[in-house]
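This report goes through a protein chain residue by residue and describes what surrounds some of them. Please keep the structure open while reading.

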Amino acid sequence: MRYKAAYPKEAIEAYRGFIARRRSERPSAEYRTPTEAEWDEFLAHFEKRKVSIGTCARAFSSPCVHEHACVRCSLLPPDPAQRGRLEEIRDNLVARIAEAEREGWLGEVEGLQVSLAGAEEKLRQLDRGHGQHTAVDLGIPTTRGDR
Ligand code: SF4
């Protein structure tokens, strides 16, 4: 087995080469300047992705295929500022599951439990620091002689 150090410069050159090859294979019409209407549609897509507990990360021009069940959806990284709202949603789901069990609405219990698992997972993501960008101290590099 051998090892190869991949330097950032090589990665950037390989990526640029890939983009250049891909462009040469695609119809040139795809690289025209977009119209005003296309730009508006592009920007509106990102505005419309904002939901109460975060911003949907689905790709541009793709529809929501998860029936807007955002609390259950892995494409929604939770917004740390919305932790309180997520806790409210979780508490509400716990109460609704208890009510459904008490009233014998067993058809609802399973769906509510899936939503509860989704809300708890989003809270765990926030506990793990998902969505919070903090600086990581990597220390000062030293030469072998300094050790
Ligand atoms: S359900 Fe998922 S894909 Fe659909 S809007 Fe919510 S986060 Fe986006």
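His 45 is buried, because its relative accessible area is 10% (buried means under 20% relative accessible area, exposed over 50%, and partly exposed in between, with a 1.4 Å probe and protein chains only). The residue belongs to helix α2, which covers residues 36-48. Helices (H or I, at least four residues) and strands (E, at least two) are DSSP runs, numbered from the N terminus. Leaving out residues up to four places away in sequence, His 45 touches Arg 58, Ala 59, Phe 60, Ser 61 and Ser 62, where contact means heavy atoms within 4.5 Å.

The model is predicted: local features need pLDDT of at least 70, side-chain atom pairs count only at pLDDT 80 or more, and totals for chains, interfaces and linings use all residues. Residues are numbered from 1 along each chain as its sequence is written, and side-chain values use heavy atoms, with hydrogens and water left out.

**Loop residues with positive phi**

One of the contacts of His 45 is Ser 61. Ser 61 is found in the loop between β2 (54-55) and α3. Its phi is near 75°, a positive value in a residue other than glycine. With a relative accessible area of 54%, Ser 61 is exposed. Glu 67 is also placed in the loop between β2 and α3. Glu 67 is not a glycine, yet it has a positive phi of about 55°. Glu 67 counts as exposed because its relative accessibility is 73%.

**The ligand**

Which residues are around the ligand? They are Cys 56, Arg 58, Cys 64, His 66, His 68, Ala 69, Cys 70, Cys 73, Leu 75 and Leu 76; a residue is near a molecule if one of its heavy atoms lies within 4 Å of it. This shell divides into seven nonpolar residues, two polar and one charged. Ala, Val, Leu, Ile, Met, Phe, Trp, Tyr, Cys and Pro count as nonpolar, Asp, Glu, Lys and Arg as charged, and the others, Gly among them, as polar.

The ligand sits in the largest pocket. On a 1 Å grid over the protein atoms alone, a pocket is an open set of points where a 1.4 Å probe fits, with protein on both sides within 12 Å along at least five of seven lines. A molecule sits in a pocket if more than half of its atoms lie within 2 Å of its grid points.

**Salt bridges**

Side chains of opposite charge can pair when their charged atoms come close. The structure holds eight salt bridges, a salt bridge being a side-chain nitrogen of Lys or Arg within 4 Å of a carboxyl oxygen of Asp or Glu. The table lists some of them.

| Residues | N to O distance |
|---|---|
| Lys 9 and Glu 13 | 3.6 Å |
| Arg 83 and Asp 127 | 2.8 Å |
| Arg 90 and Asp 91 | 3.0 Å |

Lys 9 and Glu 13 both lie in helix α1 (residues 8-25), four residues apart, which is about one turn of the helix. Lys 9 is exposed at 60% relative accessibility, and Glu 13 is partly exposed at 46%.

The side chains of Arg 83 and Asp 127 also meet in a salt bridge. This pair links distant parts of the chain, with Arg 83 in helix α3 (residues 83-103) and Asp 127 in helix α4 (residues 106-127), 44 residues apart. Arg 83 is partly exposed, with a relative accessible area of 28%, whereas Asp 127 counts as exposed at 56%.

In the pair of Asp 91 and Arg 90, Asp 91 is partly exposed at 44% relative accessible area, and Arg 90 is partly exposed at 24%.

**Helix α4**

Where does Ser 115 lie? Ser 115 is in helix α4 and counts as buried at 11% relative accessibility. Apart from neighbours within four places in sequence, Ser 115 is in contact with Val 71, Arg 72 and Leu 93.

Val 109 lies in helix α4 and is buried, with a relative accessible area of 9%. Not counting residues up to four places away in sequence, Val 109 touches Ile 97, Ala 100 and Glu 101. Val 109 and Ser 24 are 54 Å apart in space, C-alpha to C-alpha, and 85 residues apart in sequence.

Conventions
1 Å grid on protein atoms, 1.4 Å probe; cavity = no way out; pocket = protein on both sides within 12 Å on 5 of 7 lines; lining within 4 Å.
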